[in-house]
Amino acid sequence: MSNFDVIVIGAGPAGLLAAGRAAELGGKVLVLEKMRREGRKLLITGKGRCNITNDAPISEFIKHVYPNGRFLRNAFSSFFSKDIIKLLADHGVESTLECGGRYFPASNRSKDVLKALLEWVKSYNVEIRCNYRVEELIVENNTIIGVQANGQKLLCNRIIVATGGKSYPATGSNGDGYELARRVGHSIVKARPALVPLETEGDVAQKLQGLNLKNVKATVWVNGRKKADDFGEMIFTHFGLSGPIILTLSREVVIELQNKNKVEISIDLKPALDEQKLDNRLIRDLNENGNKKLLNLFRLWLPASMIPVFVDLLNIDTEKECNQVSSKERKQILYLLKNLVFKISNYRSFKEAIITSGGVSTKEISQKTMESKIVKGLYFAGEIIDLDAQTGGYNLQIAYSTGWLAGNSSMKD
């Protein structure tokens with residue numbers, strides 16, 4: 001006889017939603033978490049604020065998910081953004097809507113979100129055991145019968161694997177769930193860091209370290225051809241580039257670098273103006289300030305901390321008066337304002353990646369139930385699945401929705 005109806009491996013957002021839903025339907029549920037505490041990674045999301053979800057409709061949400069957002073249509077239909085917002089509100093956590101459709105807890109504290117989820121789960125008598133490492137999934141006749149954890153055999157009717165990916169391994173997501181899945185016959189799409197900062201050649205980014213740019217456009221070039229672009233905010237670091245638009249573009253960059261391709265990112269500092277309009281503005285500013293030194297004019301065009309670096313790159317005598325600036329020199333300024341180019345040398349490790357690209361192949365998981373097509377009674381939820389999304393609350397919603405659907409299905413199949 002089984003000890004439990006459902007065993008959930010992992011006490012992150014996907015695991016907690018799976019456990020809570022299965023228990024809500026009457027299941028005797030055990031959660032096994034290898035870390036000392038639940039939800040370690042949830043606590044650091046959104047820089048400690050927790051970007052709970054996004055208010056985009058399902059059709060739009062799917063477009064932000066790779067490599068196959070359509071796989072999530074059933075999961076999103078069963079439990080979506082309004083549902084997690086209500087669940088949290090029912091347990092004392094109000095949410096506020098910010099730019100980009102991003103929801104955060106009104107308290108700006110991720111620990112309040114975790115506390116609410118744990119309250120909800122425990123209200124249905126879910127048992128959570130921390131410091132429990134699952135060594136093996138026990139399968140007989142192609143059907144789950146239990147797990148081995150800490151050298152102990154625990155029997156159950158269903159297992160939901162919600163162990164996360166490989167990003168931020170210090171929080172417990174070190175990829176061991178992939179090995180559990182592989183041993184019972186699943187294919188694993190190679191894991192790559194996603195939403196990860198990028199390293200650049202040269203010292204330009206380092207000289208600009210700490211500078212945050214808003215409303216700029218970044219474009220990825222692969223072997224000289226345009227691959228992708230994004231508009232918004234970025235930041236320069238001691239090693240290269242980071243910030244929302246860089247993290248979003250990093251998915252393409254990582255793949256191209258692993259394929260040994262030459263990758264560059266160009267920053268358009270004035271995306272609101274096409275080249276002709278920007279040139280007209282430069283001409284006007286130069287004419288209106290004819291007797292001033294060119295160096296003084298850069299304050300009209302750039303953040304102060306950027307001017308010395310920009311001037312170095314131009315290699316123009318900025319001590320000359322504006323009425324002495326040649327057409328060629330003006331075109332140089334124009335070009336650099338629209339094309340500040342960085343050669344990408346590498347990407348940061350899983351330690352700094354927000355999410356993992358890759359995981360258990362969606363071809364081997366039922367999108368209607370999250371059950372394995374290979375082993376009966378085995379389900380997957382969250383980042384362990386080969387699904388990843390852009391920043392903005394999308395990845396956490398994937399965790400909630402797949403967790404809920406897996407928990408729901410585990411008690412109904």
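**Questions and answers**

Q: How many disulfides does a search of the whole structure find?
A: This is a predicted model, where local features need pLDDT of at least 70, side-chain atom pairs count only at pLDDT 80 or more, and totals for chains, interfaces and linings use all residues. Residues are numbered from 1 along each chain as its sequence is written, and side-chain values use heavy atoms, with hydrogens and water left out. A disulfide is a covalent bond between the sulfur atoms of two cysteines. Counting pairs of cysteine sulfur atoms within 2.5 Å, the search of the whole structure gives zero.

Q: Which cysteine has the sulfur nearest to that of Cys130?
A: Cys130 is in no disulfide. The nearest cysteine sulfur is 18 Å away, and it belongs to Cys156.

Q: Is Cys156 buried or exposed?
A: Buried means under 20% relative accessible area, exposed over 50%, and partly exposed in between (1.4 Å probe, protein chains only). Cys156 has 2% relative accessibility, so it counts as buried.

Q: How are helices H1 and H6 oriented to each other?
A: Helices (H or I, at least four residues) and strands (E, at least two) are DSSP runs, numbered from the N terminus. H1 (residues 13–24) and H6 (residues 110–122) have axes 9 Å apart, at an angle of about 25 degrees; axes are lines fitted to C-alpha atoms, for helices over the stretch in contact, with angles from 0 to 180 degrees between N-to-C directions. Angles under 35 degrees count as roughly parallel, over 145 as roughly antiparallel, 65 to 115 as roughly perpendicular, and the rest as oblique. H1 and H6 are therefore roughly parallel.

Q: How is H11 oriented to H12?
A: The axes of H11 (residues 294–301) and H12 (residues 307–314) come within 10 Å and cross at roughly 120 degrees. That angle makes H11, relative to H12, oblique.

Q: How many charged residues are in the contact of H11 with H12?
A: On one side, H11 brings Leu295, Phe298 and Arg299, and on the other, H12 brings Ile307, Phe310, Val311 and Leu314. Ala, Val, Leu, Ile, Met, Phe, Trp, Tyr, Cys and Pro count as nonpolar, Asp, Glu, Lys and Arg as charged, and the others, Gly among them, as polar. The contact of H11 with H12 has six nonpolar residues and no polar ones, and its charged residues number one.

Q: What is the phi of Asn131?
A: Asn131 sits in the loop between strand E7 (127–130) and strand E8 (134–140). With a relative accessible area of 46%, Asn131 is partly exposed. Although Asn131 is not a glycine, its phi is positive, at about 60 degrees.

Notes
Contact = heavy atoms within 4.5 Å.
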